[in-house]
Amino acid sequence: MNRFWRLRGEEMGRVILPPRRTYSLMPVSFDQPAFLLALLLLPLFAAVSLRGSLADLDPLRRSLSLALRLTIVASIVFALAGMNWVRRSGANCTLFLIDASYSMPRRDRQRALDIVNEATGKMRAEDKVGVILIGAEPRLAFEPSLRGKIACELTVPDGSQTNLARGVTSALSYFPDDAARRIVLLSDGNETTGSLLEAARSAASEETPIDVLPLGSAPDREALLERMLTPPIAKRGEPFPIKVVANSISGGPGTLRLYRNGESVGEQRVDLQPGKNVLTVEGRADKPGFYAYEARLVTPNGADTYAENNRAVSFVAVEGKPRLLLIQPRDPLIPDDYLPPAMAAQNVQVEVGTPRDLPTQAASLAAYDGVILSDVPADSLSNAQMRTIQASVRDLGMGLTMIGGDLSFGAGGYYQTPIEEALPVDLNLKKMKRLPGVALALAMDYSGSMNSQGQNTPGSQSKLDLAKEATDQAVDLLNVQDQVGVLAVDTQANVIVPLQYVTNKRKIHQGVAAINGGAGTEMSAAVKGCLALLKNADAKVRHAILVSDGETGPYDYAPLIAELRKAKITFSLVIIDEGQGAAGIDPLKRVVRATGGRFYRVLDASQIPKIFLRETQTISKPPILEEPFIPRLATPGSPLVSGTNWAGVPPLLGYDVVNAKPTAEVALASHKGDPVLASWQYGLGKTVAFTSDAKARWGAQWLQWPGYSSFWAQILRWSLRKSDTGSYQSAAELVGSRGRISVDAVDDKTGAFVNFVDATARVVGPDGASQTVRLVQTGPGRYAGSFDAGKTGSYVAAVTQKTSDGKTRIARAGLSVSYSPEYAALKPNTALLLRAADITGGRALKSGAEVFAERRERRLPQSLVLFLLTLALLLFPFDVAVRRLQLRPVAEGTVEVLNSARATVRENLAARRPNQEAQRERAAASSVGRLATRKNALSSEPDDDSPPPVSASVEPDRPAVVWSSKPQAAPIPSAAPTANPEPAGDYLSRLREAKKRAAKPDEDLPRSP
């Protein structure tokens, strides 16, 4: 379908996009056009309204109300349909996705950038271009802009994977809204993770075509090892086959070398044929354990392109006696070992090593069933080694036993370490009994060199940042009865935090955080500053710690040493080794020795926080109690001590003071109730803590005790890894960028498949991180699950299965990602790129000049939903008004308006003549008097037809003022008086009525014809 639309566009000389989700009638579009079907009901709605609520209205009001109703309903329907006003933009924005993974050589990346710059020469002024680099994660190398020539660094943080899908998804988020979109993908198409086709479907839904330009080519000569196949379990001393799958383009001779746990076990000549080759060698293991076998292919010079893919690794579990690794801080060749001979007498194999012998990956440590740390300080182990031990115990079921001493547990600096998390005891000094508080001075060199990263320090933190972090951790370890002060030292000692009780740690941390870079370096100022800070402190223990990386001049510290010793101040020194001369450091070391402090010279500045913790724990009161005591049974039924005769047990001479964790079991306790022997289950493994030692110091009298060997053998056997696999077989393989674990469950007795088993796997990767994998049944007795195997290195899985009878079986499987999947592909995957272009309606390009040869338009819909809903809301009150309010005729309304205006004018004129009423009253009174006189005169004269004479002194009546648009007719003379005249009272009444009529409006007066 997409191809049809593209071909039709080419035939008509324009670009036609695939059908989109919205439907448009230019220049409007609808997001939910199905709601437009409601418009078909408008005639029915109109008919019902005319016969119903609008039937009693007059024609004019009925038509007006119906029009309003239809407009309101239509607006709501258009709003529900998602009506948009559509405008178009001719600007084009193109994002170039360049594959920068390991499979793309530098020359191909540079060619991709040249193609981008070739395309920019054809862009218009309003167009924009940008560049995104693709590896394991995408990186925006050039933001979309109107610039011309593009220059950027063609590297990514992690090129070991190719995630084209993430690149496309990232590009969709960088496009501007006012331009037509296009993606140009420049890659070899060999994706190692993600799904480009799924991302292409998302791009198609957003009207974004993906043009592709395949890069890369198949090498002429290349040979690689795809995988190694070994049996998951082998018997001790028996040979087993090892098969190696090799792939070669041109074939040729080579040498296959075999290694076991890093040691060479043989090699053989091979003659590779073009294509896949299966090479078989023989393996054998004389000792039990979990072994990593590695094969390496060596070819003549010029016969191979990539050397990184010439290795393969597999794992074999060899059955036999359990193996234990004993780590102690001294040379194992010195004949001062007591535990290994005692274990050998109990038929327990113990291998002795130093902290350097501890591996940093779980796959290497999986060869042992248990690890013993005997009086080993924490600073002799790296963080990677500690995390590996923790993961091996928790996730792989390995046992861990820690034996005490003056360099173990809290005194050894294990507080807040991965080892402490695995132990059944708590090393938090705040929970322990304490001596009176201490006074601690923490001085740090803050010269310019401390603001840089250490020469041998991983990560991005500066040496000063690490020193500030160490200071904060030391402060956190102190209690409220302790005192602390902080100095920042360059050429002088600056008091940042005056000596104070640790009651407000937040304020102290804020002071430490404010320390910034200083000037030069003069460490004698630091010693003087610490002395001044501590000499008058009210504390039983006074201690100073100085950390520096700089050169300092020679100085005579003899007077200062005398004062330090007099004030009972101990002084410890931490030097970050940057090649400083002995002239400045040796005098400081004499201060350390003379005051009873400790000297540390470190290459890795990241060890500073660990040293500060150990120093703080040591001076805070070493959690050690040295006095004879006989341990007592705290839990008589514990499997660690059952069967041991405690009647004649000799005393121990000391132990490390610890607290038992809530779920731990304490088998032995001291005379003060502190744990001496504690254990618990930690994940799949078991850990044991023995707080006294196993050598000639605290345990000197135990060395001659007859129960010494059996006591330790019982403890170590309990902690060992339990591997009850029966007939269950576990295996792991690499499928793409994911590891796949499969388990075949068969009953030991009947040989039948075991179904409906609850199976899970804990997988520990090369970085020590663990994953939990749920295994689902895929067939009779077969269970499988997958996990992320994107990092290069070894993965070890412990498969736990709980059967219906309540039994738990644990089996191990190993998988190694020998090299990045980027080196596994021998040729470009052009088909994948073309398929992505086909899904989105894109093109297969041959050069950068073709990118802007095809122009597109961007439809920019603007929603009208809010406008339509507002219109409906505003029209609704008018519809109600038309139906509910009664309207009078226009003529009547006009008359009312005129009358109202006339009354208003009259009131205004009356206000201007305040004396008019008084004048009328006086005139009326005068008229009454004249009329009375006239009446009396008439009554005394004879009746005749002539009118009575009018006295000259009497004024004629004034006519009332009448407001009219026409002149009023003259009043008619009154007739002669009748024979029977009315009484005077009636006459006066008529006069008063005449007066009132004169004051009324004009309409009350008679009008002339």
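Which side chain meets that of arginine 721 in a salt bridge? The partner is aspartate 369, at 3.4 Å, N to O. A salt bridge here is a side-chain nitrogen of Lys or Arg within 4 Å of a carboxyl oxygen of Asp or Glu. This is a predicted model: local features need pLDDT of at least 70, side-chain atom pairs count only at pLDDT 80 or more, and totals for chains, interfaces and linings use all residues. Residues are numbered from 1 along each chain as its sequence is written, and side-chain values use heavy atoms, with hydrogens and water left out.

Back to the pair. Helices (H or I, at least four residues) and strands (E, at least two) are DSSP runs, numbered from the N terminus. Arginine 721 is buried, at 8% relative accessible area. Aspartate 369 is buried too, at 13%. Buried means under 20% relative accessible area, exposed over 50%, and partly exposed in between, with a 1.4 Å probe and protein chains only.

Now the whole chain. It has 22 helices and 42 strands. Of its 1009 residues, 47% are buried. Take the contacts between residues at least 6 apart in sequence: 75% of them join residues at least 24 apart. Contact means heavy atoms within 4.5 Å. The chain exposes about 49,700 Å², and carbon and sulfur atoms supply 54% of that area. Accessible areas come from the Shrake-Rupley method with a 1.4 Å probe; for residues, only the protein chains shown count as cover.

The largest nonpolar core has 36 residues. Such a core is a set of buried Ala, Val, Leu, Ile, Met, Phe, Trp, Tyr and Cys residues joined through side-chain atoms within 4.5 Å. Met343, Leu677, Phe690, Trp702, Tyr708, Phe711 and Trp712 have the most contacts inside this core. Elements giving two or more residues to it include helix H7 (339–345), strand E33 (675–682), strand E34 (685–690) and helix H17 (708–719). H17 supplies the largest share, seven residues. Which residues does tryptophan 712 touch, leaving aside its neighbours within four places in sequence? They are Leu339, Met343, Ile403, Phe690 and Ala694. Apart from this core lies another, of 34 residues, among them Leu365, Tyr368, Met386 and Val666.

Salt bridges come up again elsewhere. The structure holds 29 of them. Glutamate 294 and arginine 311 meet through their side chains at 2.9 Å, N to O. This pair links distant parts of the chain: glutamate 294 sits in strand E15 (residues 289–298) and arginine 311 in strand E16 (residues 311–319), 17 residues apart. Glutamate 294 counts as buried at 11% relative accessibility. Arginine 311 is partly exposed, at 28%. Another salt bridge joins the side chains of arginine 61 and aspartate 58, at 3.6 Å, N to O. Arginine 61 is buried, at 10% relative accessible area, whereas aspartate 58 counts as partly exposed at 31%. Arg182, Asp211, Arg843 and Glu854 form a network of salt bridges.

Then the strands. In a regular strand the side chains alternate between the two faces of the sheet. Strand E27 (residues 599–602) has Tyr600 and Val602 on its covered face, and Phe599 and Arg601 on its uncovered one. E27 runs parallel to strand E26 (residues 569–576), and four bridges join them. Two strands pair if DSSP finds at least two bridges between them. Tyrosine 600 in E27 is the bridge partner of valine 574. Glutamine 500 lies in another strand, E24 (residues 493–501). Glutamine 500 is partly exposed, at 24% relative accessible area. Its C-alpha atom is 8.2 Å from that of aspartate 482, 18 residues apart along the chain. Beyond neighbours within four places in sequence, glutamine 500 is in contact with Asp482, Gln483, Val484 and Ile508.

Last, the surface. Phe35, Ile76, Leu80 and Leu869 make a nonpolar surface patch of about 350 Å². Patches are made of residues with over 30% relative accessible area and no salt bridge; like charges are joined within 9 Å, and nonpolar side chains (Val, Leu, Ile, Met, Phe, Trp, Tyr) within 5 Å. Leucine 80 belongs to helix H3 (residues 59–80). Leucine 80 is partly exposed, at 47% relative accessible area.
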